[in-house]
Amino acid sequence: MSLEHGFLLLRSPLLSLEAFLWVLHLVGTIALWLSPGGIAWARFRSKTSFSIPGPVGLPLLGLLTVFNGSTPHRVLAKLAKTLNAVKLMVFSVGFTRFIISSDPETARDILHNSAFADRPVKESAYELLFHRAMGFAPFGDYWRNLRRISATHLFSPKRIAGFEGYRREIGIKMMDEINGIMKAGDEVQIKKVLHFGSLNNVMATVFGKKYDFEKVGEGYELEELVSEGYELLGIFNWSDHFPLICWLDLQGVRKRCRNLVSRVNVFVGKIIEEHRLKRLIEGLNDDNCNVGEFVDVLLDLEKHEKLADSDMIAVLWEMIFRGTDTVAILLEWILARMVLHPEVQAKAQAEIDSVVGKSKHVSDSDIHNLPYLQAIVKETLRVHPPGPLLSWARLAIHDVHVGDYFVPAGTTAMVNMWAITHDEKLWEEPERFKPERFMEEDISILGCDLRLAPFGSGRRVCPGRAMGLATVHLWLAQLLQRFKWIPSENRNVDLTEHLKLSLEMKNPLVCRAIPRVP
Ligand code: HEM
């Protein structure tokens, strides 16, 4: 027997053992992947109480392709129905474990449970310093402190009322801008105007800064920074779900975030320095400072609450960032609906004309006398919730039970608010845009009724909801009082959605604004 032959004999059983182990591994992997919820849930299957239904998804990838699409909220709602998993559904995206609820009661159990008071920090959020701002800060003293400070100095009813002048003035500027655009052409792409107005509003309340509608300068640069940040946070980043390839930064998110952060540091840092200098020149200090803008509040707190410069930049940047797009996107959806439903628009205008008149400026105090206008806002939040998956998910800090279901620590929890607001068991004709439903039944949208909670609920409910609503109500009243909104001659209103960080119109609204009073 040749040596070679001997080796072959020796090797063949080894080979078959190898092959056997390989097959075993393959079968094991397939079995794990086939477990309800996909691979990230595989090791929890042995838990006796684990029986939450969920889709298997693609091998290794799980539901990744769903999140890469434009309407994951719709796909997840359909899956939950098909799998009889409306209360709670599990799924995986790569190695990340998710639960999602499309049911108001279970949503409450999640959002109000202290076990879900954290948020998963995506790589982009971390790189953009958001873990030091309120929205992504871990639940604890630092976060509590930021919530308290902003509740008192930015979002209190007194402060919101104090900013009315800014809001009204910016609303008037937006309308002049729309007038100018309509005179120059025959249609207006409204999102651009709303976005700049919204950015201006936040800058005025946070920094006392105002910008003109122009294509150059500081305001324009800031707009670029906010849009880039929004895009980066909205990107579905592979690194968040595949830790092993994280270092590759395949989509270039980390690189872009670092670049953006250095620009934001310079931009916001410069404004903070201007305020410091002003305080020095005017002799303002902690004891005699007449606090105006939010930045001054933070500077005032520096000594006692020890906010480092980088923390302050993060907090201020988050306010600019969050307050801008949400308001602009919601108003764009509302105007799209006004163009599509002229009878609703006419009814709202008749209400405004009878309460305020055709030429007197609308003010905050008029809003509570405009119930139909408020109903339009609610109905738009129902049909097109800006955060259909509540945008910023929650993270289980420790093992917890949701109803009878066991949920392990480290699971990302989501609420499909879009599924809830389109559930025919909860809403009559859910697909129909019908503000009248809110004239018949008064439903709070601030977080206590989970049938319609576009601002979330529980400890981490949106702290800017009253400010956001005050802005949307006032500007909508101004826009409807001044213009009649009609379709563009060249383009139909297209309600196709695209979920980025918020639920946007895939094709921005282009329409015509005809002055109601010549
Ligand atoms: C139409 C306007 C708005 C909508 C639809 C909206 C929606 C949301 C939602 C769904 C959440 C997550 C809530 C949860 O996890 O339960 C949130 C959080 C947050 N929002 Fe808003 N928001 C709006 C306006 C604003 C404004 C104007 C600001 C500030 C200027 C703001 C600041 C924040 C912050 C800081 C958080 C994080 C809170 C935390 O984690 O403690 N939002 N918002």
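Predicted model: local features only at pLDDT ≥ 70, side-chain atom pairs only at ≥ 80, totals over all residues.
Residues are numbered from 1 along each chain as its sequence is written, and side-chain values use heavy atoms, with hydrogens and water left out.

**Around the ligand**

- Cys462 is found in the loop that runs between helix H18 (437-440) and helix H19 (465-482); helices (H or I, at least four residues) and strands (E, at least two) are DSSP runs, numbered from the N terminus.
- There are 25 residues around the ligand, and Arg119, Trp143, Arg147, Arg394 and Cys462 come nearest; a residue is near if one of its heavy atoms lies within 4 Å.
- This shell divides into 13 nonpolar, six polar and six charged residues, where Ala, Val, Leu, Ile, Met, Phe, Trp, Tyr, Cys and Pro count as nonpolar, Asp, Glu, Lys and Arg as charged, and the others, Gly among them, as polar.
- H13 gives the most to the shell, with six residues.

- A side-chain N or O atom of Arg394 is 2.7 Å from an oxygen atom of the ligand; a polar contact is a pair of N or O atoms within 3.5 Å.
- Backbone N or O atoms also lie by ligand oxygens: one of Ser457 at 3.2 Å, and one of Gly135 at 3.5 Å.

**The largest cavity**

- The structure holds three cavities of 30 Å³ or more; on a 1 Å grid over the protein atoms alone, a cavity is a set of points where a 1.4 Å probe fits but cannot get out, and lining residues have an atom within 4 Å of a point.
- About 900 Å³ of space lies in the largest cavity, a volume being the space filled by probe spheres set on grid points joined across faces, edges and corners.
- Of its 48 lining residues, Arg322, Thr326, Trp392, Phe455 and Cys462 are closest to the centre.
- The ligand sits in this largest cavity, meaning that more than half of its atoms lie within 2 Å of the cavity's grid points.
- H13 gives the most to the lining of the largest cavity, with seven residues.

Methods: Polar contact = N/O pair within 3.5 Å; in protein donor to acceptor, adjacent residues only side chain to side chain. 1 Å grid on protein atoms, 1.4 Å probe; cavity = no way out; pocket = protein on both sides within 12 Å on 5 of 7 lines; lining within 4 Å.
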